Amino acid sequence: MKRKRIKDEPAVKKEDGEHPVSQKPKRTKEETKEARVKKKEEEEKSRWRWWEEEKYEDGVKWKFLEHNGPFFPPEYQPLPDNVHFYYAGNKVKLSLAAEEVGLFFAQMLDHEYTTKKVFRENFFTDWRKEMTHEERKLIKDLDKCNFTELFAMHKARVEARKLMTKEEKLAVKEANQKIVDEYGYCLLDHHKERIGNFKIEPPGLFRGRGEHPKQGMLKTRILPKQVIINCTKESRVPVAPAGHNWKEVRHDNTVTWLASWTENIQGSIKYIMLNANSKLKGEKDWEKYEVARKLKSCVDNIRKQYDQDLKSKQMKTRQRAVALYFIDKLALRAGNEKDEGETADTVGCCSLRVEHITLHEKLDGSECVVEFDFLGKDCIRYYNKVPVIKKNLNIFMENKSPGDDVFDRLTTVLLNKHLSSLMPGLSAKVFRTYNASITLQQQLKELSNKSDNEPEKLLSYNRANRAVAILCNHQRAAPKTFDQSMANLQAKIDARKEKLSLAKTELKQAKKDAKKSSPEPKPHPLVERKMAAVQRCEELLLKMEVQATDKEENKQISLGTSKLNYLDPRISVAWCRNMVVPVDKIYNKSQRDKFAWALDMTEADFEF
């Protein structure tokens, strides 16, 4: 006979094949809140307040650096015996190198990349390099390759990961945490600091952004013999994986990276750096915004100077003035940051070609309009129509072919050299940071209202941030789930409107009933409850409607890039303090850690 559990007997949970385990008592809301506060206080107590310490002499980034080197991805595991690759209908057993690269392609079969001509051609060219001589003789046409079984295996593995039990997920989490504990931290000046990207990127197929000409090429596996390690002479040098050696061990305390190597697609140097909330990153950010703030005091003189230079008799000076005008007013990047043919055909101000500019006598009611159309950083299209002083551009573009440079007497190096002569540390990027930050501050002053409720204040903040994102051309493609997400939100708004209508009806009835029972005007508990219900419904409805407006306006604009890279965080912190908005509504936990220096030192009266 089963024993009935006594009411007050503690509940037990049975695990498969194990004895009953006592369940932990659930925390109350107060206990959870108290634990959070305590954890926050402990974090603050243990935080390295480097901004309160004396700075090192110029160029020195650290005095002591020790770490365990990068974490390398695991070696390739061959396909199971029941999974096959087919060519022209025949089963083919590939060599390990060719099989691995073939699997990279198979895993992307449900992505549009694998339908693009450039991607397919680049992949096939690089794949054939990994094949044996016999495989190359056989496999000559990608259209005859059948990756169906490899793709099915990949999808099955993805689904299996989704269906993992709690115990399996916990085991994976613990294994990952061990890797983080070993490789994810370093000692910087004897303080424990988190490393940002301590894992070497595994091999795969390069995707690039937009229509990148190198998409589909093979990103080869990085080996220890390609990696340079940087640490202190006195520290313990990281141990290379068994059977391998590092390319080099350096002791350079004028740089901030811990390890570096050169990737094969574009020949660019990759670095392992500290996390965004580390001293090195924070100090760099702080210095960047301080230089941009200094520009505020001399920007008017610089503008007067380039206005005068627009009429210079020297073509070189005149081109520089027009480029500076574009960089200042349109927040264009300088350009010329890459070598010929190394990356996609992306340009900046100094590398604009005749084909990127169209001049209009009149357009949309304005005279002398320049129309820009080119691919900027990360293959993001820059399209803009701006009224300008057209005379100079006419001269620069005279007797030139579409592929010729507009600013043929100017380079980024020459431009930045001129800027640094006007103000120490000034560069084209500083102009971009200055204009982004000053725009945010001005927009916040214009749009914010202390009498607004919190959702309305946050909408004003996002609109100010959006003005900066538009200035800096921080675009994004609308999320694939956008329409469905908006439809779901609209359904919630409609449901909330119905609830509000019902709540108002119930309030009206409650007032009638209260008047019947007592003609004298006095507070009635039921009426007060119904009034509170109406107020709650109105607040929730307003919050949802503001959210929908914000979502729609933000459809194709990326706010994150400017918020984290171009906007002085002290502007946002000061705004939060003035508007009585919690900082965590603007910055999440990792962002608050990144800008800990700004949160600590900023008063409500801060001005950029």
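A strand here is a DSSP run of E with at least two residues, numbered from the N terminus. One of these is strand 16, which spans residues 366–375 and holds Ser366. Bear in mind that this is a predicted model.

Let's stay with Ser366 for a moment. Its relative accessibility is 27%, so it counts as partly exposed. Setting aside neighbours within four places in sequence, Ser366 touches Glu361 and Pro387. Val388 sits 22 residues from Ser366 in sequence, with 9.8 Å between their C-alpha atoms.

| Core | Residues in it | Some members |
|---|---|---|
| Largest nonpolar core | 97 residues | Leu295, Phe326, Phe372, Leu393 and Phe407, those with the most contacts inside it |
| Another core, apart from it | 28 residues | Ala106, Phe123, Leu142 and Phe147 among them |

In the largest core, helix 7 is the top contributor, giving nine residues.

How do helix 7 and helix 11 pack? Helix 7 (residues 279–309) meets helix 11 (residues 428–447) at an angle of about 90°, and their axes are 9 Å apart. That angle makes the two helices roughly perpendicular. On the helix 7 side, the contact includes Tyr289, Val291, Leu295 and Arg303, while helix 11 brings in Phe431, Tyr434, Ile438 and Gln441, among others. Sorted by class, this contact has ten nonpolar, four polar and three charged residues.

How values were computed. Residues are numbered from 1 along each chain as its sequence is written. This is a predicted model: local features need pLDDT of at least 70, side-chain atom pairs count only at pLDDT 80 or more; totals for chains, interfaces and linings use all residues. Side-chain values use heavy atoms; hydrogens and water are left out. Axes are lines fitted to C-alpha atoms, for helices over the stretch in contact, and angles run from 0 to 180 degrees between N-to-C directions. Helices (H or I, at least four residues) and strands (E, at least two) are DSSP runs, numbered from the N terminus. Angles under 35 degrees count as roughly parallel, over 145 as roughly antiparallel, 65 to 115 as roughly perpendicular and the rest as oblique. Contact means heavy atoms within 4.5 Å. Ala, Val, Leu, Ile, Met, Phe, Trp, Tyr, Cys and Pro count as nonpolar, Asp, Glu, Lys and Arg as charged, and the others, Gly among them, as polar. A nonpolar core is a set of buried Ala, Val, Leu, Ile, Met, Phe, Trp, Tyr and Cys residues joined through side-chain atoms within 4.5 Å. Buried means under 20% relative accessible area, exposed over 50%, partly exposed in between (1.4 Å probe, protein chains only).
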